[in-house]
Amino acid sequence: MKRRQALRNIVVVSAGVVIFPTCKPTEQPIPIPVFDNLSIDRTQFNLIEEFANILLPLENVEVSNPEPTNEFILNMVNDCHPVDDCEKYVEGLKEFNETIQENFNNTFTELAPDKKLEFLEYLSEIKDNKNPLKFFFDTTLRYTKQHFTGSDYFLTNHLDWKFLPGDYKGCEPV
Amino acid sequence: MSDKTDHHFDTIVIGAGMSGGWAAKEFCDNGLKTLLLERGRDVKHLTDYPTTNMQPWEFKHRNKVPYEIQKDNPVISRCYAYNEDAMHFFVKDTDHEYVQEKPFDWIRGYQVGGKSIMWARQVQRWSDYDFEGPARDGFAVDWPIRYKDLENWYTYVERFVGVSGNYDGLDTLPDGEFLKAWDLNCVEQHFQKSVKENYKKRHVIYGRCAHLTESKEIFVKQGRALCQARNLCQRGCPFGGYFNANSTLIPWAEKTGNLTLRPHSIVHSIIFDEKENRAIGVRVIDADTKETTEYFAKIIFVNAATLNTNAILLQSTSDRFPNGLGNDNGLLGKYVGFHNYRAKVNAEYHGHKDIRTIGGRATSAYIPRFRNIHKQETNFLRGYAAGFWAGRNRDVNGKGFGEELTKNLLAEKGFKPWYVGSHMMGETIPKESNYVELDEFQKDDYGIPSLKISIDYDDNDEKMIQDYFEQFTAMFKKAGFTNITTRDTKQAPGLDIHEMGGVRMGHDPKTSLLNKWNQMHECKNVFVTDGACMTSMATQNPSLTFMALTARAANYAMDEMKKGEL
């Protein structure tokens, strides 16, 4: 009931927001990476990147990682989790889409920014650990953070990390 | 079968790890044509360290081992160093299976360099309190050597490998030939001071480690540079900043022109000639082609790493030795010991708030054994050493999501309180009931019986853990540490990677396999100088002692050859 109410509120507030699809010339799409244990199409792949950017917006930060965030997240889920988790993640991703579609007749991309965050608030409050939607949210958030906090930018500028320290000083002032 | 003359050497060394590398180096330096056999692949210094210069973010899984590999290889996955950056240097469970009569985590490195590539690099000398232990406390047999027999060889080895340390003046942990030490940090010094004030016989010292902190001519000759304190040693070091066989011993031996290194060579057995009443060679299976070849030499050194050395000798049967080479007394494979690494104590320290550390350091503090040194004083035999460390992390706030998360992560960061930790390194008592033998049914891909391992803790180990918890909790409290927690990992033996024994040294052929020169009592031209030779286990990380014993035994063997005795 709580979930339905939360979603109803979002639907009411977001009514009237209309996004017109843009038209682009036809381009040959770059193939998305293959993940053996994850059945993911291009739309879903792109959605995860968009979702990660909402979870951790980094517009003004220069982060250079070898792969985009969505690819890292899916690498980690695909390779470092059991198959059950992979299935649960994809199920959660589908539910994520379906929940928005059912309740807003819309896609995540088309939701207004404040509504996206409201929806994320709702996701973050799911307590049932068996819920695939919660697993999708928690896992995407976890690896989004790891992708950033393990980057050259973060390690160097925020964690005093050096590849070649050369020395050790054990009693330096803070 | 190849022509015998093609395969003739002065010496054969089985195993190209740390101790085998030392044997090869000594022989080659002295002009002996030496065949160095290694069951695994070759690993060349610099060129075969594929991850050594990779940045953390360049690892696809950010140093995590993929799930399927962990699932299929539970034993090796429990090893602290088995991560994405170094997993290619470890033997997977599925690569060479063994039989666990009791749980045993066998950590192996099948390659030129062996485990010396990934080792923890802690190097402490034994003292006479260790060599006299079995005789004084009535377990095992008496060591046939004492500290004075090994002292100069410790020095000899330390000068070549490079050891960073302080001169501590402790009778329990004799000083060596040291390069300068890095700092103990302020909290480690605080603990050092607290322990000194509260305990007369306990010492917190800098952990001596095989790293180059000063340049010397010998290291320049080896092509090694100073340690850059990266703490990425398990990947292999592009500077040669820590000692491994690949950067030091093997290229050194190769330069003499006397070394023949043969990787992918699985030793099936040592060949014993009944007429000559000596070992004459080694039977080898090529790991790729499975072709069997024989090599011949006057002297054979067995350095395949403790348990595989036991396996080779057990597999080396003949009419003269139906139960394994030199095994007249039936003790081969028995009295195996290890180090008890199950216990850890962790805490926080809220002092020294205005201090931090900068840079990296390849070692920690070390607390030499203080229990039962001069006399028996506890309800358990022997004692434990311990590692000790303190550090301080940036306080990263990863809470929330959206703009809040971004703000939290990018905020200026202070420091968390100091974390402090310790782990126990307990001496275990070698017992006849802790043994390895060849399995009756299971064979490996080469038709060689698998090793069956039956090794366990005993009541002495359990009592020691409790004492460590009590003593270190008290020591931590006295130092003002808070939030003290104790943890018994319940890990199986083997994960300490310090298994020793099975081919023990001793005075008497009836109760031991090797004499005081690591020479088989019953087969004088075969020497065992890796961990298999150890009569008792002490508490020190054992590699330095293996290297010193090897250098000593190799030089003895060469002297005997010159005299015509071998």
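**View 1. Packing of helices α2 and α6 in chain A of the predicted model**. Helix α2 (residues 42-55) of chain A packs against helix α6 (residues 132-149) of chain A at an angle of about 70 degrees, and their axes are 10 Å apart. Axes are lines fitted to C-alpha atoms, for helices over the stretch in contact, and angles run from 0 to 180 degrees between N-to-C directions. Helices (H or I, at least four residues) and strands (E, at least two) are DSSP runs, numbered from the N terminus. The angle therefore makes α2(A) roughly perpendicular to α6(A), where angles under 35 degrees count as roughly parallel, over 145 as roughly antiparallel, 65 to 115 as roughly perpendicular and the rest as oblique. I48(A), F51(A), A52(A) and L55(A) of α2(A) meet T140(A), L141(A) and T144(A) of α6(A); two residues are in contact if their C-beta atoms, placed from the backbone, lie within 7 Å. By class, this contact has five nonpolar, two polar and no charged residues (Ala, Val, Leu, Ile, Met, Phe, Trp, Tyr, Cys and Pro count as nonpolar, Asp, Glu, Lys and Arg as charged, and the others, Gly among them, as polar).

Residues are numbered from 1 along each chain as its sequence is written, and chains are lettered from A and ligands numbered from 1 in the order in which they are written. In this predicted model, local features need pLDDT of at least 70 and side-chain atom pairs count only at pLDDT 80 or more, whereas totals for chains, interfaces and linings use all residues.

**View 2. Packing of helices α6 and α13 in chain B**. Helix α6 (residues 147-161) of chain B and α13(B) pack at an angle of about 105 degrees, with 8 Å between their axes. At this angle, α6(B) is roughly perpendicular to α13(B). From α6(B), the contact includes W153(B) and Y154(B), and from α13(B) it includes M547(B) and R552(B). Ten nonpolar residues, no polar residues and one charged residue make up the contact of α6(B) with α13(B).

**View 3. The largest nonpolar core**. This core has 162 residues, and those with the most contacts inside it are I12(B), I14(B) and I300(B). A nonpolar core is a set of buried Ala, Val, Leu, Ile, Met, Phe, Trp, Tyr and Cys residues joined through C-beta atoms within 7 Å; a residue is buried if 20 or more other C-beta atoms lie within 10 Å of its own, exposed if 12 or fewer, and partly exposed in between, with C-beta atoms placed from the backbone. Helix α13 (residues 543-562) of chain B supplies the largest share, ten residues. Apart from this core lies another, of 33 residues, with I48(A), F96(A), Y143(A) and L409(B) among them.

**View 4. The contact between chains A and B**. Chain B contributes 37 residues and chain A contributes 40 residues. On the side of chain B that touches chain A, β12 (355-359) and α11 (403-410) are the elements that give two or more residues, and β12(B) gives the most, with five residues. Strand β1 (residues 168-173) of chain A pairs with β12(B) in the antiparallel sense over four bridges; two strands pair if DSSP finds at least two bridges between them. The bridge partner of K169(A) in β12(B) is I358(B).

**View 5. Strand β17 of chain B and its partners**. Strand β16 (residues 435-443) of chain B runs antiparallel to β17(B), joined by five bridges, and Y435(B) stands opposite S454(B). These two strands form a hairpin with five residues between them, and G447(B) in the turn has a positive phi of about 80 degrees. Strand β3 (residues 99-100) of chain B runs parallel to strand β17 (residues 449-454) of chain B, joined by two bridges.
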